[in-house]
Amino acid sequence: MFDYITTNLPLFANLDKQFIVKADNLAEIHFEEANFIIHGEALDMLKRLPDGLIQTVVTSPPYYGQRDYDVENQIGIEKNTDEYINRLVEIFEEVKRVLREDGTLWINVGDKYIDGNLAGLPWRLALALRERGWILRSDIIWYKPNAMPSSVRNRPTTDHEYIFLFAKNSQYYYDADAIREPHITFSEKSKMRGGRNHLGKNGGTPEQGKNSGNSNLHRGRWDQAFHPKGRNKRTVWEVPLSKFRDAHFAVFPEKLIEPCILAGCPENGIVLDPFFGSGTVGLVAHKKGRKFIGIELNENYCEIASKRIFFR
Ligand SMILES: C[S@@+](CC[C@H](N)C(=O)[O-])C[C@H]1O[C@@H](n2cnc3c(N)ncnc32)[C@H](O)[C@@H]1O
């Protein structure tokens with residue numbers, strides 16, 4: 001069998017083992033064991049993966065016209081945006097095949113001004129995928145509190161991007177409890193506390209408050225609002241941009257993709273990123289007890305990612 005580490009990562013021993021798998025060696029791989037990076041082109045390599053292997057895909061394809069990744073066949077340098085969208089749609093068709101029936105897809109993609117017009121690429125991609133049968137479940141705003149200042153004076157400075165959550169089928173794995181947020185309405189500092197009269201006194205719980213049993217409060221809404229583990233995750237995620245010195249492109253902040261991995265994949269399930277870059281998805285998956293497979297076209301990035309995950 002091809003020699004690569006499957007469990008108990010990262011280990012500093014086994015430096016001679018292979019974490020980066022070439023296309024030619026894929027036949028020897030036990031895919032279910034995962035935890036490796038495939039060096040190759042996303043569409044070609046996806047075609048080599050078996051059906052229904054992956055629980056969730058978390059990925060950020062190259063943005064249109066943004067940078068040159070210095071490799072043949074790279075995404076993002078197509079002649080026009082239609083070609084770019086079509087190419088991505090084709091890749092995500094193959095992603096759908098490798099997903100389990102209860103699998104999900106989380107895509108972060110940036111927009112672009114072309115001749116002074118915002119191209120609307122994230123939504124164009126989202127709607128194109130919906131046309132191909134994906135179920136669009138959520139548009140999440142990634143709000144970047146430390147976004148780069150810009151010199152624009154005739155429009156607001158952009159400080160957000162989209163993350164779309166898609167499901168393959170209407171019933172899908174989603175662990176809402178794993179990513180609940182703290183309740184804020186009734187915290188000690190909340191301005192709503194007195195006004196809403198839900199709390200009887202300091203330290204009281206909503207259930208003990210004046211409105212417990214109020215028939216105007218629908219039972220389901222009540223439970224949802226005061227779930228003991230916190231409120232359901234919201235769609236605006238505030239996550240600062242982070243720097244990773246070895247990469248010459250935008251890497252995912254770990255905090256941004258943590259919720260996608262925790263909600264989208266149980267422990268020991270497999271997370272895939274077909275545009276692996278510096279391997280943030282693999283790193284977070286591993287830290288959280290999930291397995292991963294990465295696909296990356298640029299060999300240098302495969303090496304950077306492998307060092308980052310396996311030898312940290
Ligand atoms: C935006 S970066 C991903 C960054 C990644 N999320 C991280 O945290 O480091 C996109 C990556 O896709 C790779 N890429 C571009 N075209 C590709 C293709 N056709 N197949 C596979 N990877 C490709 C680029 O080399 C780059 O590393």
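1. Basis. The model is predicted, and local features are taken at pLDDT of at least 70, side-chain atom pairs count only at pLDDT 80 or more, and totals for chains, interfaces and linings use all residues. Residue numbers start from 1 along each chain as its sequence is written.

2. Overall fold. The protein chain contains 8 helices and 11 strands, these being DSSP runs numbered from the N terminus (helices H or I, at least four residues; strands E, at least two). Of its 312 residues, 33% are buried, where buried means 20 or more other C-beta atoms within 10 Å of the residue's own, exposed means 12 or fewer, and partly exposed lies in between, with C-beta atoms placed from the backbone. Among contacts with a separation of 6 or more, 65% link residues 24 or more positions apart, a contact being two C-beta atoms, placed from the backbone, within 7 Å.

3. Strand 8. Strand 8 (residues 160-167) is largely enclosed by the rest of the structure, because 6 of its 8 residues are buried. Strand 8 pairs in the antiparallel sense with strand 4 (residues 99-109) over 6 bridges and with strand 7 (residues 135-143) over 8 bridges, pairing requiring at least two DSSP bridges between the strands. Trp106 stands opposite Leu165, while Asp139 has Phe164 as its bridge partner.

4. Glu161. This residue of strand 8 is buried, with 20 other C-beta atoms within 10 Å. Glu161 touches Asn108, Gly110 and Trp142, when residues up to four places away in sequence are not counted, and its C-alpha atom is separated by 5.8 Å from that of Ile141, 20 residues apart along the chain.

5. Helix 2. The 18 residues of helix 2 (residues 81-98) reach 26 Å from the first C-alpha to the last, close to the 26 Å expected at 1.5 Å a residue, the expected span being 1.5 Å times one less than the number of residues. Tyr84, Leu88, Phe92, Val95 and Val98 are buried; seen down the helix axis, the buried residues fall within an arc of 95 degrees, so they line one face, the arc being that of the directions from the axis to the C-beta atoms. On the other side, Asp82 and Glu83 are exposed. The buried residues pack against several elements, including strand 4 and helix 3 (121-131).

6. Ligand. Among the 22 residues around the ligand, Ala42, Phe275, Gly277, Ser278 and Thr280 come nearest, counting residues whose C-beta atom, placed from the backbone, lies within 6 Å.
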